[in-house]
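Open the model in your viewer and keep the sequence panel beside it.

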Amino acid sequence: MENIDDLVARLAQDAGVVKPAPHPYVLSLKLIGAGAIYLLVSLAFSGPRPDLLEKFQSFWFVAEILALVGLFFITSLSAALLGFPDQFQKRKQAVAPIWMFTLFILLLIFAWLFDSHPAPLPVHSFECTFSITLTAVIPALWTFYALRKYASTNYKLAGSVSLLSAFSLGALWLRLHEYTDSIIHVFEWHYLPMLVIGIVGLWLGKKLLKW
């Protein structure tokens with residue numbers, strides 16, 4: 001019978017080197033950095049709205065943009081944390097998109113209430129949702145690809161947050177590109193579809209992230 005010490009030594013030699021998974025903060029920074037580059041490239045191709053500099057003097061527009069940026073940041077961090085079985089013991093941060101999305105909706109409601117001179121509705125409607133969804137495809141692909149390397153036990157929630165992260169990036173691009181100021185329009189065709197996207201993400205998470 002093989003000596004136990006020799007057996008342990010042989011097994012240790014045969015074992016491959018396992019590369020430790022990076023910290024979820026590192027992964028989230030990679031997702032955010034890739035998203036920032038993607039946003040800049042997309043704006044370079046499409047061009048910003050012609051009155052963008054003027055719009056940055058509007059409190060509600062700036063608040064909306066900052067809220068969208070915050071939503072993208074928080075969903076990216078949440079997706080990275082949900083890639084770990086225990087959410088890296090940071091469950092509050094993992095579920096933070098719920099609170100951020102709630103604050104975002106409240107911001108839009110206040111913007112609508114204080115909109116004393118409503119802008120006219122644009123002639124288009126669902127085209128905005130389609131453009132955002134199309135723009136969100138690439139960020140969604142790289143986020144799902146990154147999470148596939150991990151071992152999420154909350155794969156449905158991870159899938160939902162991943163799609164919301166990609167969709168919020170697409171919504172940010174369109175808000176900086178599209179020449180419209182109708183709060184009703186952006187609420188209905190830019191942000192309300194996020195609810196549907198979140199539900200679709202639950203299904204995709206089960207299909208693509210389950211291990």
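Helices here are DSSP runs of H or I with at least four residues, and strands are runs of E with at least two; both are numbered from the N terminus. This is a predicted model.

**Stop 1: the whole chain**

Show the chain as a cartoon. From the N terminus on, the elements read α-α-α-α-α-α-α-α-α-α. That makes ten helices and zero strands. The radius of gyration is 21 Å, well over the 17 Å that the globule rule gives for 211 residues, so the chain is more spread out than a compact globule.

Of the 211 residues, 44% count as buried. Among contacts between residues at least 6 apart in sequence, 84% join residues at least 24 apart.

**Stop 2: color by confidence**

Color by pLDDT. The chain averages 89, and 90% of the residues score at least 70. Select residues 4-14 next: this is helix H1, where confidence is lowest, at a mean of 59. Confidence is highest in H8, at 96.

**Stop 3: helix H7**

Select residues 126-147. Does the length of H7 agree with its residue count, or disagree? At 1.5 Å a residue, its 22 residues should span 32 Å; the end C-alpha atoms are 30 Å apart, which agrees.

Where does H7 bend? Center on valine 137: the helix bends there by about 35°. A proline, proline 139, follows within four residues.

Show the side chains. The buried residues of H7 include Cys128, Thr129, Ile132, Pro139, Phe144 and Leu147. Which helices do the buried residues of H7 pack against? Select these in turn: H2 (24-46), H4 (59-82), H8 (155-177), H9 (183-191) and H10.

**Stop 4: proline 193**

Move to helix H10, residues 193-208, and pick proline 193. Is proline 193 buried or exposed? Its relative accessibility is 14%; the cut-off for buried is under 20%, so proline 193 counts as buried.

Display its contacts. Leaving out residues up to four places away in sequence, proline 193 touches Thr129, Phe167 and Glu188. Thr129 is also one of the buried residues of H7.

Last, draw a distance from proline 193 to alanine 96. They are 97 residues apart along the chain, and their C-alpha atoms are separated by 20 Å.

Definitions and conventions: Residues are numbered from 1 along each chain as its sequence is written. This is a predicted model: local features need pLDDT of at least 70, side-chain atom pairs count only at pLDDT 80 or more; totals for chains, interfaces and linings use all residues. Side-chain values use heavy atoms; hydrogens and water are left out. Buried means under 20% relative accessible area, exposed over 50%, partly exposed in between (1.4 Å probe, protein chains only). Contact means heavy atoms within 4.5 Å. The expected span of a helix is 1.5 Å times one less than its number of residues. The bend at a residue is the angle between axes fitted to the seven residues ending there and the seven starting there. pLDDT is the predictor's confidence in each residue, from 0 to 100. The radius of gyration is taken over C-alpha atoms; the globule rule is 2.2 Å times the number of residues to the power 0.38.
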